[in-house]
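Hi,

Here is the structure we talked about. Please open it and keep it beside you while you read my notes below.

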Amino acid sequence: MRGFLTPSPGAPSTAVTSIGVACAAALALPLLPLPAAAAPARPSEARAPGGTRSLPLAPLTRERVLGTAPEQGLYRPNGEHFSLVGVVWDDPDAELHGRVQVRTRSATTRKWSGWQDVETHNADHGADPGTAEGDARRVRGATAPLWVGDSDGVDVRVRGVGVVARGGRAVDPEPPLPSGLRLELVDPGEQVPPEGAPADAPRTGLHTDAARAASTTNMDLAGFGALRIPALGKRATERELARLAGPVGAKPYIGPRPRIVTRRGWGADESLRERGFVYTKKVKAAFVHHTASGNKFTCAQAPSVIRSIYRYHVTSMGWRDLGYNFLVDKCGTIYEGRAGGVAKAVLGAHTRGFNSDSMGIAVIGSYGATKPPGAAVTAVARLTAWKLGLYGADPRGKTYLTSGGGNLYPKGKNVRLNVISGHRDGFATECPGKRLYAKLGTARSSAARYQGR
């Protein structure tokens with residue numbers, strides 16, 4: 001099974017390898033527009049396809065009222081072009097104690113949206129402490145990304161926590177806002193090849209070593225340059241496992257392989273990520289997430305949302321690649337996430353402290369108050385039945401993972417977890433939202449049934 005599920009012989013569990021070719025408080029004051037902080041972007045900058053604009057925030061110009069929290073913001077009424085926003089800051093270990101709100105102007109209707117909250121607690125997603133990716137100098141603190149659709153104007157406010165009463169006196173909030181606050185405006189660009197292109201479409205997008213390497217990692221399952229990995233029936237999946245892994249003795253418990261859109265299928269720009277791929281030893285558990293990017297997207301827009309989150313993770317937050325191993329949209333379509341091969345134990349950056357020997361599945365959207373679509377829950381069950389089955393894991397079972405360090409478990413602690421867990425089981429967080437978390441029992445029982453248990 002080594003060539004199918006694990007790194008090359010002799011490679012350490014977290015070594016970088018190349019495959020194929022080298023590879024909170026409510027706002028007390030009304031939110032008023034700010035004057036523009038800088039001149040409008042030049043058209044060539046504003047409409048460059050597939051790009052990110054990083055703009056520094058500035059203190060509000062209104063007089064400070066005694067006892068109010070510090071505020072920073074930015075008002076750019078025109079000249080930009082983007083579909084996703086987020087706020088980043090210099091120190092990845094600093095927390096933003098406050099509230100971030102944004103409103104945007106539609107590039108189609110030219111009307112401003114209402115104010116939307118951006119999820120500020122995002123440190124729970126990321127590489128484990130002490131790893132090369134987690135400690136890289138380029139890594140930044142960040143909010144969750146928010147999908148706003150095709151927009152050309154933005155107004156953002158970041159406000160710290162309110163006053164703290166000590167002995168009856170009003171004092172400044174502690175700690176202050178993180179330093180180096182910047183607004184990230186992400187344009188997903190156009191997709192090549194487009195959604196729905198036939199499997200035998202011209203092989204555009206494979207002109208770089210990085211693109212060819214990413215496609216090579218899935219050649220055990222689909223042809224080179226495939227836009228999608230086709231679904232297989234249960235018997236065909238069992239035969240494939242036997243072909244790739246060799247005789248497995250007793251009848252394997254594995255679910256039918258689901259259809260998976262590859263990175264090429266959703267239009268990943270492979271030049272953004274770091275070269276090579278990093279693997280862990282096996283996949284013992286799956287952590288379910290939500291992207292906390294809002295629910296105002298259509299299934300047809302899902303590839304654009306993924307391209308935007310990919311850019312935000314790599315260009316804005318400084319990760320080596322998209323953090324999740326897989327993503328699922330509201331219609332139940334499954335997408336390949338971090339590069340390295342969908343059947344392999346690719347080390348992700350999804351559950352801080354528990355990325356080793358696990359995989360991360362993110363359902364696109366926000367599911368704290370919104371019920372997740374049944375199609376998405378079913379897709380999670382089908383994906384875990386197949387991927388966990390490759391490694392002999394029972395979706396209804398328990399397993400042990402060693403903590404890499406986090407706010408629930410100290411580094412080195414051996415923790416007993418559900419094989420299918422929610423993000424909050426490994427880190428104190430709201431993710432994957434209480435409505436999605438409540439569906440994990442259904443996902444576990446369905447996945448076990450798909451495996452034939």
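Is C331 buried, partly exposed or exposed? C331 counts as partly exposed, because its relative accessibility is 47%, and the cut-offs are under 20% for buried and over 50% for exposed. One caution before the rest: this is a predicted model.

**The disulfide**

A disulfide is a covalent bond between the sulfur atoms of two cysteines. This structure holds one. The disulfide joins C299 to C331, with 1.9 Å from S to S. C299 sits in the loop between strand 16 (285-290) and helix 6 (302-316), and C331 sits in the loop between strand 17 (326-328) and strand 18 (334-336), so the bond ties together parts that are 32 residues apart in sequence. The torsion about the S-S bond is about 90°, so this disulfide is right-handed.

Most residues other than glycine have a negative phi, and most peptide bonds are trans.

- C431 and P432 are joined by a cis peptide bond, with omega about 10°. P432 lies in the loop between strand 22 (420-422) and helix 8 (434-437). C431 counts as buried, because its relative accessibility is 3%.
- A292 is not a glycine, yet its phi is positive, about 55°. You will find A292 in the loop between strand 16 and helix 6. A292 is buried, at a relative accessible area of 17%.
- R110 is not a glycine either, and its phi is positive, about 65°. R110 lies in the loop between strand 6 and strand 7 (116-118).

**Around S106**

S106 is in strand 6 (residues 98-106). A polar atom of the S106 side chain lies 3.1 Å from the backbone nitrogen of T109. Neighbours within four places in sequence aside, S106 contacts K111, D150, S151 and D152.

**Helices**

How do helix 7 and helix 9 cross? The axes of helix 7 (residues 374-390) and helix 9 (residues 440-451) come within 8 Å and cross at roughly 50°. That makes helix 7 oblique to helix 9. Their crossing is right-handed. On the helix 7 side, the residues that meet helix 9 include V377, A381, T384 and L388. On the helix 9 side, the residues include T442, S446 and Y450. An α-helix has 3.6 residues a turn, so residues three or four places apart point the same way.

Now look at helix 3 (residues 209-216). Its buried residues include A210, A211, A213, A214 and S215. Strand 15 (277-278) is among the parts that cover the buried residues of helix 3.

Best wishes

Note on methods:
Residues numbered from 1 in each chain as written. Predicted model: local features only at pLDDT ≥ 70, side-chain atom pairs only at ≥ 80, totals over all residues. Heavy atoms only, no water. Helix = DSSP H or I, 4+ residues; strand = E, 2+ residues; numbered from the N terminus. Polar contact = N/O pair within 3.5 Å; in protein donor to acceptor, adjacent residues only side chain to side chain. Contact = heavy atoms within 4.5 Å. Disulfide = S-S within 2.5 Å. Buried < 20%, exposed > 50% of the residue type's maximum accessible area, 1.4 Å probe, protein only. Axes fitted to C-alpha atoms, helices over the stretch in contact; angles between N-to-C directions. Parallel < 35°, antiparallel > 145°, perpendicular 65-115°, else oblique. Left-handed = near helix turned anticlockwise from the far one by under 90°.
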